[in-house]
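Hi,

Here is the model I promised to pass on. Have a look at it first, and then read my notes below.

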Amino acid sequence: MPMNQINPRKLLRSKWTAVSPINKEKHFIITDIEFDEEGVVIHCEIEAVMSKRTQLIDWRQLKEQDVWLQGWK
């Protein structure tokens, strides 16, 4: 299965489309990301564009193309 190629350092303000809309929300943007001293992602927050609802997400889930598409589709 193809996977999205992601550089965690470029995630901030990146745009994503949920393949299966979450609470009727389809378009999301990464609004916050934090790294530890070794550059490992320790916090990643995604925001729904329509409702401004935010939630924490495991950034590695964004690699799954059957769940997330890069950009707004």
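One more pairing to look at is A18, which stands opposite W68 in β5. Please keep in mind that this is a predicted model, so everything here is computed from predicted coordinates.

**Overall picture**

The protein chain has five strands and zero helices, and reading along the sequence gives β-β-β-β-β. Its C-alpha atoms fill a box of roughly 35 × 30 × 15 Å along the principal axes. For 73 residues, a compact globule would have a radius of gyration near 11 Å, and the protein chain comes out at 12 Å, so the two agree. As for burial, 32% of the 73 residues count as buried.

**The sheet**

In what order do the five strands sit in the open sheet? The order is β4-β3-β2-β1-β5, and the pairing is antiparallel. The edge strands are β4 (54-56) and β5, each of which pairs on one side only. Neighbouring strands of this sheet are turned by 35° against each other on average, with direction ignored.

- β4 and β3 run antiparallel and are joined by three bridges; the bridge partner of E45 in β4 is L56.
- β3 and β2 run antiparallel, with seven bridges joining them; the bridge partner of I33 in β3 is C44.
- β2 and β1 are also antiparallel, joined by four bridges.
- β1 (residues 15-22) and β5 pair in the antiparallel sense over three bridges.

**The turns**

β2 and β3 form a hairpin with five residues between them, where G39 in the turn has a positive phi of about 85°. β3 and β4 also form a hairpin with five residues between them, and K52 in that turn has a positive phi of about 65°.

**The core**

The largest nonpolar core holds 15 residues. Which of them touch the most other members? They are L11, W16, I30, C44, I46, L62 and W68. β1, β2 and β3 (41-48) each supply at least two residues of this core, and the largest share, four residues, comes from β3. β3 itself is mostly covered, with six of its eight residues buried.

**Rings and charges**

How many aromatic pairs does a search of the whole structure find? It finds one. The rings of F28 and W68 have their centres 5.3 Å apart and their planes at 85°, so the pair is edge-to-face; the cut-off for that label is an angle over 60 degrees. F28 lies in strand β2 (residues 25-35) and W68 in strand β5 (residues 68-70), so the pair ties together parts that are 40 residues apart in sequence.

R9 lies over the face of F35, at 4.5 Å from the ring centre. K15 lies over the face of W72, at 5.2 Å from the ring centre.

Finally, have a look at R60, which lies in the loop between β4 and β5. R60 is partly exposed, with a relative accessible area of 49%; that label applies because the value falls between the cut-offs of 20% and 50%. R60 and N4 are 56 residues apart in sequence, yet 9.6 Å apart in space, C-alpha to C-alpha.

That's what I have for now. Over to you!

Cheers

Methods. Residues are numbered from 1 along each chain as its sequence is written. This is a predicted model: local features need pLDDT of at least 70, side-chain atom pairs count only at pLDDT 80 or more; totals for chains, interfaces and linings use all residues. Side-chain values use heavy atoms; hydrogens and water are left out. Rings of Phe, Tyr and Trp (its six-membered ring) pair if their centres lie within 6.5 Å; planes under 30 degrees apart count as stacked, over 60 as edge-to-face and the rest as tilted. A charge sits over a ring if NZ of Lys or CZ of Arg is within 6 Å of the ring centre and within 35 degrees of the ring normal. Two strands pair if DSSP finds at least two bridges between them. Axes are lines fitted to C-alpha atoms, for helices over the stretch in contact, and angles run from 0 to 180 degrees between N-to-C directions. A nonpolar core is a set of buried Ala, Val, Leu, Ile, Met, Phe, Trp, Tyr and Cys residues joined through side-chain atoms within 4.5 Å. Buried means under 20% relative accessible area, exposed over 50%, partly exposed in between (1.4 Å probe, protein chains only). The radius of gyration is taken over C-alpha atoms; the globule rule is 2.2 Å times the number of residues to the power 0.38.
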